[in-house]
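Subject: Structure handover

Hello,

Here is the structure I promised to pass on. Please open it alongside this message.

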Amino acid sequence: MPIETTASVVAEVPDDADLLAVPYASDLDPAHVVELHLPVRDLLAHYEAKGEAGEIVEVPVARAGGVGRVLFYGVGDGSPRALRKAGAALTRRVKGKDTLTVVAPEGDVAAFTEAALLAAYSFKIGNAGKKSVRSLAIAGAAPDEVRRAQTVAQAVALARDLSNMPSSVKNPAWLAERAAECGLPVRVWDEEQLQADGFGGILAVGRGSVSPPRFIQISYTPDEPVDRHVVLVGKGITFDSGGLSLKPTDNMKTQKTDMAGGAVVIAVLGALAQLGASVRVTGLIAAAENMPSGTAQRPSDVIKHYGGRTVEVLNTDAEGRLVLADALAYADAVLGPDAVVDIATLTGAISVALGRNVGAVYASDDVLAKQLVDAGQAADDRLWRMPLIEDYTPALESSIADLANVEAGSRFGAGSITAALFLREFAGRRPWAHLDIAGVGRSTVDEGTLSKGATGFGVRVLLEWLTRS
Ligand code: BES
Ligand code: MN
Ligand code: ZN
């Protein structure tokens with residue numbers, strides 16, 4: 001479900017607001033926007049408030065209908081990062097309530113509001129848990145900032161929803177239907193069309209499943225004159241059992257979110273018009289279910305990708321790169337973009353390298369890499385640039401095909417890097433970047449802007465990049 005909390009701007013703070021949030025910093029001086037009739041400094045000192053971001057001091061106040069509350073919220077150093085923490089803490093505190101009136105902090109109100117809305121996200125099947133606050137009425141904010149925050153947060157929520165959906169519902173055809181709901185022109189290749197056009201990677205990965213694969217193309221064309229054309233490619237494995245190279249239970253049970261990259265692409269495309277993006281963007285989602293069965297591909301099979309390159313499949317669990325290779329080759333050959341960015345829960349190895357808070361970006365182009373790292377920093381989807389180490393390219397040599405999908409032995413290691421090197425073979429000579437989000441795609445905590453399960457990581461950095469740089 002989308003985020004049910006809404007945010008709007010109010011011109012004035014009503015005197016009798018039942019729930020009122022007021023910012024303060026370490027000097028314990030709250031915003032002077034409202035007359036509180038409270039000994040504010042003494043109160044904050046009494047509660048030993050420090051003004052840190054995320055800190056909230058709650059004070060009961062007399063109201064006509066009984067007792068109301070003023071929530072003093074710390075804003076730390078007032079940086080976007082601190083304001084995000086403050087915003088998320090506030091909505092988490094007022095669960096189950098109707099309206100929270102918020103005196104906006106000084107600084108990046110869009111970041112503050114976006115975080116407040118994200119903290120209200122939850123994925124529930126049935127009526128479990130407490131409802132989030134129904135509305136945030138923000139005083140002292142610019143309407144366009146709040147509107148942008150709302151659009152971005154809803155896009156993140158859509159990506160989370162798609163990724164959190166159980167795979168018993170979410171097969172490739174279902175994902176294509178959801179993509180078609182984004183309001184943009186969508187083209188979907190079914191099995192027959194995939195066969196006709198030579199998408200051998202997507203077909204090979206999807207062969208073991210009773211739910212056939214799909215290739216999905218979404219097109220956004222801005223009204224204004226176009227300055228560039230970007231292609232986004234998302235990994236859309238609706239469930240990754242590993243295939244015949246079967247995963248152990250503990251590793252398998254999280255793999256309904258293996259289409260998180262594809263979900264991000266759908267959500268980003270759906271938000272571009274509302275954000276007034278002036279870039280032409282084509283979204284591609286390579287969707288398949290990776291299952292073991294009598295029709296599944298075998299370790300040692302050789303497949304032929306879009307464009308004719310052959311690959312020896314040594315491990316059917318390295319399936320993401322197989323479906324992405326088709327999509328990247330198609331983008332290069334047919335779409336002629338100025339830049340290609342793929343996003344994928346590609347390797348467990350990247351969470352060893354970067355953990356759960358920072359995503360990886362690999363790039364063939366320094367300018368593109370820097371743009372993405374900067375956008376990630378600004379949007380709070382942090383990325384770290386990883387190297388494409390040339391010495392490791394022999395890892396993917398095959399004696400019978402153009403390439404192997406994994407290293408046969410263990411001479412090189414570097415699982416996330418060799419996966420990126422594999423993708424590079426199919427990206428052509430255009431500026432290309434690859435985001436490995438296997439570490440950051442899921443959260444184990446319900447905290448701050450994160451909820452347990454899918455994170456929607458990638459939506460904010462890509463929207464930031466496409467609409468602000
Ligand atoms: N979908 C997985 C990667 C993954 C692992 C995502 C953990 C999220 C959490 C991917 O398809 C995969 O299985 N990768 C293998 C590659 C290996 C066979 C070379 C891996 O990481 O073990
Ligand atoms: Mn896999
Ligand atoms: Zn996978």
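This is a predicted model: local features need pLDDT of at least 70, side-chain atom pairs count only at pLDDT 80 or more; totals for chains, interfaces and linings use all residues.

**The zinc ion**

Start at the zinc ion (ligand 3). Its protein donors are Lys235 (NZ), Asp240 (OD), Asp258 (OD) and Glu319 (OE). They lie 2.0 to 2.4 Å from the zinc ion. The site has six donor atoms, with angles of 79 to 172° among them, and is octahedral. Along the chain, the donor residues of the zinc ion follow the spacing K-x4-D-x17-D-x60-E.

Where do Asp240 and Glu319 sit in the fold? Asp240 is in strand S9 (residues 229-240). Glu319 is in the loop between strand S12 (310-312) and helix H10 (320-335). The pair therefore ties together parts that are 79 residues apart in sequence.

Is Asp240 buried or exposed? Asp240 has 3% relative accessibility, so it counts as buried, the cut-off being under 20%. Glu319 is at 0% relative accessibility and also counts as buried.

**The manganese ion**

Now move to the manganese ion (ligand 2). Asp240 bridges this ion and the zinc ion (ligand 3). The two ions lie 3.2 Å apart. The manganese ion is coordinated by Asp240 (OD), Asp317 (O), Asp317 (OD) and Glu319 (OE). The distances are 2.1 to 2.2 Å. Note that Asp317 is listed with both O and OD.

What is the arrangement around the manganese ion? It is irregular, because the six donor atoms subtend angles of 71 to 166°. Opposite donors would have to be over 155 degrees apart, and all others between 65 and 115, for six donors to count as octahedral. The spacing of the manganese donors along the chain is D-x76-D-x1-E. Asp317 is partly exposed, with a relative accessible area of 22%.

**Ligand 1**

Next, look at ligand 1. How many residues surround it? There are 15, and the closest are Lys247, Asp258, Asp317, Glu319 and Gly348.

The shell around ligand 1 divides into three nonpolar, five polar and seven charged residues.

- Lys247: a polar side-chain atom lies 2.8 Å from an oxygen atom of ligand 1.
- Gly348: a polar backbone atom is 2.7 Å from an oxygen atom of ligand 1.
- Thr345: a backbone N or O atom lies 3.4 Å from a nitrogen atom of ligand 1.

On its own, ligand 1 has 520 Å² of accessible area. The protein covers 73% of that.

**Two side-chain contacts**

Thr282 lies in strand S10 (residues 280-290). Thr282 is buried, with a relative accessible area of 2%. Which side chain does Thr282 contact? A polar contact of 2.7 Å joins the side chains of Thr282 and His229. His229 falls within the residue range of strand S9 (residues 229-240).

Ser209 lies in the loop between helix H7 (200-206) and strand S8 (214-220). At 12% relative accessibility, Ser209 counts as buried. Its side chain reaches the backbone nitrogen of Ser211 at 2.9 Å.

Best wishes

Technical notes: Residues are numbered from 1 along each chain as its sequence is written. Chains are lettered from A and ligands numbered from 1 in the order in which they are written. Side-chain values use heavy atoms; hydrogens and water are left out. A residue is near a molecule or strand if one of its heavy atoms lies within 4 Å of it. A polar contact is a pair of N or O atoms within 3.5 Å; within protein, one must be able to donate a hydrogen and the other to accept it, and residues adjacent in sequence count only if both atoms are side-chain atoms. Accessible areas come from the Shrake-Rupley method with a 1.4 Å probe; for residues, only the protein chains shown count as cover. Ala, Val, Leu, Ile, Met, Phe, Trp, Tyr, Cys and Pro count as nonpolar, Asp, Glu, Lys and Arg as charged, and the others, Gly among them, as polar. Donors are N, O and S atoms within 2.8 Å of the metal (3.2 Å for Na, K and Ca); water is not among the atoms, so sites may look incomplete. Four donors count as tetrahedral if all angles lie between 85 and 135 degrees; four count as square planar and six as octahedral if opposite donors are over 155 degrees apart and all others between 65 and 115; anything else is irregular. Helices (H or I, at least four residues) and strands (E, at least two) are DSSP runs, numbered from the N terminus. Buried means under 20% relative accessible area, exposed over 50%, partly exposed in between (1.4 Å probe, protein chains only).
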